[in-house]
Amino acid sequence: MSKKTPRTHTRRGTARPIRLLGDPVLRTECDPVRTFDASLERLVDDMFVTMYEEDGAGVAANQVGVGLRVFVYDVNDDKDRRHIGHVVNPRLVAADGEILVEPEGCLSVPGLRFETPRHARAVVEGVDVKGEPVRVEGTGYFARCLQHECGHLDGGVYIDVLSGDARREAMRAIRDLSR
């Protein structure tokens with residue numbers, strides 16, 4: 001998911017290339033993480049560095065070419081509270097409340113933003129890099145981010161939730177980019 005506000009990071013790690021729409025890894029459901037070790041911690045650090053370098057609000061592992069169920073985020077909610085974290089093996093257990101239609105973008109579909117419907121509240125459960133339980137509840141833009149990143153891990157991209165004129169516009173813009 002892309003974000004406008006520049007931020008800095010203090011994590012160690014190496015930026016990885018973002019996979020772009022058309023790369024099969026983005027359309028493949030990610031596997032659960034079964035091994036909680038230093039390589040998982042490195043992946044999470046690399047994902048944070050990549051997210052910050054790309055000025056994103058979140059990054060899913062398949063966006064950096066790794067087919068595992070992991071995402072990171074650094075985003076504000078509807079009360080302008082900042083949320084920073086990661087979730088391993090996330091499950092979107094609730095997406096409810098008002099449907100908000102707002103511009104949304106994606107690091108894997110660079111330069112394009114479309115009016116995208118998302119629920120105003122989302123809850124994700126999973127674990128952290130040590131295997132400890134995590135429950136994240138978000139509202140506003142944070143809820144949008146949680147839904148967006150969980151969608152990636154299921155092999156989706158945000159344009160999949162578009163319909164009607166918005167979907168036609170998105171598909172046309174994507175075709176024009178690939179020419």
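Leucine 43 touches Arg16, Ala61, Val64, Val66, Leu68 and Val70, leaving out residues up to four places away in sequence. Touching, or contact, means heavy atoms within 4.5 Å. The model is a predicted one, where local features need pLDDT of at least 70 and side-chain atom pairs count only at pLDDT 80 or more, while totals for chains, interfaces and linings use all residues. Residues are numbered from 1 along each chain as its sequence is written, and side-chain values use heavy atoms, with hydrogens and water left out.

Leucine 43 also belongs to a core. In the largest nonpolar core, which has 19 residues, Leu43, Met47 and Val70 touch the most other members. Such a core is a set of buried Ala, Val, Leu, Ile, Met, Phe, Trp, Tyr and Cys residues joined through side-chain atoms within 4.5 Å. Buried means under 20% relative accessible area, exposed over 50%, and partly exposed in between (1.4 Å probe, protein chains only). Helix 1 (38-53) and strand 2 (70-76) are the elements that give two or more residues to this core. Helix 1 supplies the largest share, 7 residues. Helices (H or I, at least four residues) and strands (E, at least two) are DSSP runs, numbered from the N terminus. Apart from this core lies another, of 17 residues, among them Tyr73, Tyr141, Phe142 and Leu153. In soluble globular proteins, nonpolar side chains tend to be buried together.

Two strands pair if DSSP finds at least two bridges between them.

Follow the strands in turn. Strand 2 is joined to strand 3 (residues 82-106) by 7 bridges. Valine 70 stands opposite valine 88 in strand 3, and tyrosine 73 stands opposite glycine 85. The two strands form a hairpin with 5 residues between them, and aspartate 80 in the turn has a positive phi of about 65°. Strand 3 and strand 4 are joined by 14 bridges. Their hairpin runs through 2 residues. Here glutamate 104 stands opposite phenylalanine 114 in strand 4.

Strand 4 (residues 109-127) also holds threonine 116. Threonine 116 counts as buried because its relative accessibility is 0%. A polar atom of its side chain lies 2.8 Å from the backbone oxygen of phenylalanine 114.

Return to tyrosine 73 for the aromatic rings. Phe71, Tyr73 and Phe142 form one aromatic cluster. Rings of Phe, Tyr and Trp (its six-membered ring) pair if their centres lie within 6.5 Å; planes under 30 degrees apart count as stacked, over 60 as edge-to-face and the rest as tilted. The structure holds 4 aromatic pairs. Phenylalanine 71 and tyrosine 73 form a tilted pair, 6.1 Å centre to centre with 50° between the planes. Tyrosine 73 and phenylalanine 142 are also tilted, at 5.1 Å and 45°. Tyrosine 73 lies in strand 2 and phenylalanine 142 in helix 2 (residues 141-153), so this pair ties together parts that are 69 residues apart in sequence. Both tyrosine 73 and phenylalanine 142 are buried.

How values were computed: Polar contact = N/O pair within 3.5 Å; in protein donor to acceptor, adjacent residues only side chain to side chain.
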